[in-house]
Amino acid sequence: MSTVAALRAVAAALVVGVSSLSPLREAVSETTDTPTVDPAALARIRDAAMSSDWAWRHLARLTDEIGPRLSGSPQLALAVTEVAEAMRQLGARVTLQPAKVPHWVRGDAQAQLVDYPGRPAGIAQRLALTALGGSAATPEKGLTARVIVVHDMTELTARAGLVRGNIVLFDSRFDQRLADNGDAGDAYSQAGRYRFNGASAAAKLGAAGALVRSIGGANFRLPHTGVTLFKEGQTPIPAAALAAEDADLVTRLAESGPVTLTLLLTPKTLPDADSDNVIADWPGREKPDEYVIVSGHLDSWDLATGATDDGVGVIGAAAVIEILKELDLHPRRSVRFIGWTNEENGGRGSKAYFASVAQALDTQCAAIESDDGAGRSIGIAAAVPKEWLPALRPVQEALSPIGATGLLRRDGEVGADINPLQQAGVPGFAPWVDARHYFDYHHTAADTLDKVDPQNLKSQVATLAVLAYFLAELPEPLPRFKTSD
Ligand SMILES: [Zn+2]
């Protein structure tokens, strides 16, 4: 999960537990004589997913051995090649779909406080920080300027006269209470606003640089990276995320007087690089030209190995093909795995795919994206009109033995890469996972394989496989509808 649009994902959610669905169930049973999809097949899919270690083995390969997969890196190229080959070995029909991707390289990041109220003579304090994707470099000797601390955009406007030539720090806290409530996406959205748009807003006022407080709830002095966006035609400025503790430090010191900081960032923006979406089709037995997409993104940030963002999602989606192969099941329609390229800092894979199907949207029956971390599966999230929810009951029942009976209705986007499809009326789905601690590690140097519980991964594969098969097997595809954003 990373783009602006992804941040709106959880808005206006309607949470429905399986027990509270009983009135809806009655409505369905009055109108449905026979099950739309064989419950025994769904149960076999669930059980196969819960007993397969294919996903774990491939996730370990992707993370421990291949490593960080930022767009333009040799690791992302290798991930594309290897996941495509793994899909071919399963007997899927594989296509590599080219996309030119941004090629931003991090370089070094250093900062120190060189003047502040109460500073003992000769003392400077180093800060923990990391550059934001899309940041410009500072001058070679660093940028030394006063830090203007603001907590929101209103305060930035109020202090606009102080910004020119200085460094703006956006000190906006991640609200872990929201994450604890099950609304981690909302917490990310609130704090993420400043990471996405803060540097651009500061640059517009003449700032020489921008800093944001790291997003996330763990606060182990871990800076949190991610993309920052500049407007078309705007010259990027140096932009970095301070560890939360260091943002607190600067804010405390600035309450007593001017704080001056030296910032050194050496990122480079190279010419766009070649990459590909991996598309692997598992042919349907009746309507092979109609597709249900199950997907995750192959690229990751570069501070760690992207195990939870989005190794789990992309490998979990790939594992759906492995389960169907193992059970020799071909639903009515084709199941199409997509390993997206460049979700994190450009969305070029998503754009390339949408362009390729824009004239044939009737063939795109439903789209699932898994990009919400490595938590246990709670059930499914569905961006569909609420009167459709009862139709999803067989999925809930199949997932009941693993405790994944939840059904979360979302009004808007459920995944950044499938969002263009959703906007065009294709029903969008995602596994609904426990994301209370997703943002403890997300986009930090701690997003590594040890954060993934193999049982949770299995529960996600089971959810994806049951849902994908169900949607591909329905006698009639779900109708189209317009999303509200
Ligand atoms: Zn992601």
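Visitor: How does α3 pass α14, in a left-handed or a right-handed crossing?

Guide: α3 passes α14 in a right-handed crossing. Bear in mind that this is a predicted model.

Visitor: What makes α3 and α14 roughly perpendicular to each other?

Guide: Look at the angle: the axes of α3 (residues 54–66) and α14 (residues 454–473) cross at roughly 115° and come within 9 Å. Angles of 65 to 115 degrees count as roughly perpendicular, and therefore that is the name for this pair.

Visitor: Which residues make the contact between α3 and α14?

Guide: From α3 you have Ala55, Trp56 and Leu59, and they meet Pro454, Leu457 and Val461 of α14. By class, that gives 6 nonpolar residues, with no polar and no charged ones.

Visitor: On to α4. Why is α3 called roughly antiparallel to α4?

Guide: The axes of α3 and α4 (residues 74–89) cross at roughly 160°, coming within 11 Å. Anything over 145 degrees counts as roughly antiparallel, so α3 gets that label against α4. The crossing of α3 and α4 is right-handed.

Visitor: What do α3 and α4 bring to their contact?

Guide: α3 supplies Trp54, His58, Arg61, Leu62 and Ile66. On the α4 side are Gln75, Leu78, Ala79, Glu82, Ala86 and Met87. Sort the contact of α3 with α4 by class and you get 7 nonpolar, 2 polar and 2 charged residues.

Visitor: Why are α3 and α9 described as oblique to each other?

Guide: α3 and α9 pack at about 140°, with their axes 9 Å apart. Roughly antiparallel needs an angle over 145 degrees and roughly perpendicular stops at 115, so α3 and α9 fall among the rest and are oblique. α3 passes α9 in a right-handed crossing.

Visitor: Which residues of α3 meet α9?

Guide: Trp54, Ala55, His58, Leu59, Leu62 and Thr63 do, and their partners in α9 include Val312, Ile315 and Glu322. The contact of α3 with α9 has 10 nonpolar, 3 polar and 1 charged residues.

Visitor: What is the phi of asparagine 219?

Guide: Phi of asparagine 219 is near 55°, a positive value in a residue other than glycine. Most residues other than glycine have a negative phi. You'll find asparagine 219 in the loop between β8 (209–213) and β9 (239–242).

Visitor: Now α7. How do you know that its span agrees with its number of residues?

Guide: α7 has 21 residues (184–204), and at 1.5 Å a residue they should span 30 Å; the end C-alpha atoms are 30 Å apart, so the two agree.

Visitor: Where is the kink in α7 centred?

Guide: On asparagine 197, and the kink is about 50°.

Visitor: What about glycine 206, is its phi positive or negative?

Guide: Glycine 206, which follows α7, has a positive phi, near 95°.

Methods: Residues numbered from 1 in each chain as written. Predicted model: local features only at pLDDT ≥ 70, side-chain atom pairs only at ≥ 80, totals over all residues. Heavy atoms only, no water. Helix = DSSP H or I, 4+ residues; strand = E, 2+ residues; numbered from the N terminus. Expected span 1.5 Å × (residues − 1). Bend = angle between axes of the 7 residues up to and from the residue. Axes fitted to C-alpha atoms, helices over the stretch in contact; angles between N-to-C directions. Parallel < 35°, antiparallel > 145°, perpendicular 65-115°, else oblique. Left-handed = near helix turned anticlockwise from the far one by under 90°. Contact = heavy atoms within 4.5 Å. Nonpolar A, V, L, I, M, F, W, Y, C, P; charged D, E, K, R; others polar.
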